[in-house]
Amino acid sequence: LEDPRSPVAEQFRALRTRILTFAREKNLKTLLVTSCLAAEGKSTVASNLAISIARGINEYALLVDCDLRRPTIHKLFRLNNGTGLSNYLSDNMPLSQILSK
């Protein structure tokens, strides 16, 4: 996000291309980034990959932080953490009220 021409950003674009090519071949629509331990870079990878996909031509990305104990995606994008996935699931809040652009 900060430096779209950096070597790291280029690696995420390469990863995006590989993932999207595979997803199109298999008709996949969802990607999950996970690991078994905390602080392994899940949020960093997921957010940078989402940015790379969203910056692509004719591509869309919906990034969902499913960590209900220690969410971090809102911090990376400097967003309010007032409502989110837990509100959608438990309070029947409409999806349109919890999405951030």
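How many nonpolar, polar and charged residues does the lining of the second largest pocket have? By class, this lining has 18 nonpolar, 10 polar and 4 charged residues, where Ala, Val, Leu, Ile, Met, Phe, Trp, Tyr, Cys and Pro count as nonpolar, Asp, Glu, Lys and Arg as charged, and the others, Gly among them, as polar.

The model is predicted, and local features need pLDDT of at least 70, side-chain atom pairs count only at pLDDT 80 or more, and totals for chains, interfaces and linings use all residues. Residues are numbered from 1 along each chain as its sequence is written, and side-chain values use heavy atoms, with hydrogens and water left out.

A pocket is an open set of points on a 1 Å grid over the protein atoms alone, where a 1.4 Å probe fits, with protein on both sides within 12 Å along at least five of seven lines, and its lining residues have an atom within 4 Å of a point. Grid points are joined across faces, edges and corners, and a volume is the space filled by probe spheres set on the points.

| Pocket | Volume | Residues nearest the centre |
|---|---|---|
| Largest pocket | about 1300 Å³ | Leu31, Leu32, Val33, Ala46 and Leu63 |
| Second largest pocket | about 960 Å³ | Leu63, Val64, Ile73, Leu79 and Ser100 |

The lining of the largest pocket divides into 23 nonpolar, 7 polar and 9 charged residues, and helix 2 gives the most to this lining, with 7 residues; helices here are DSSP runs (H or I, at least four residues), numbered from the N terminus.

Technical notes:
Helices (H or I, at least four residues) and strands (E, at least two) are DSSP runs, numbered from the N terminus.
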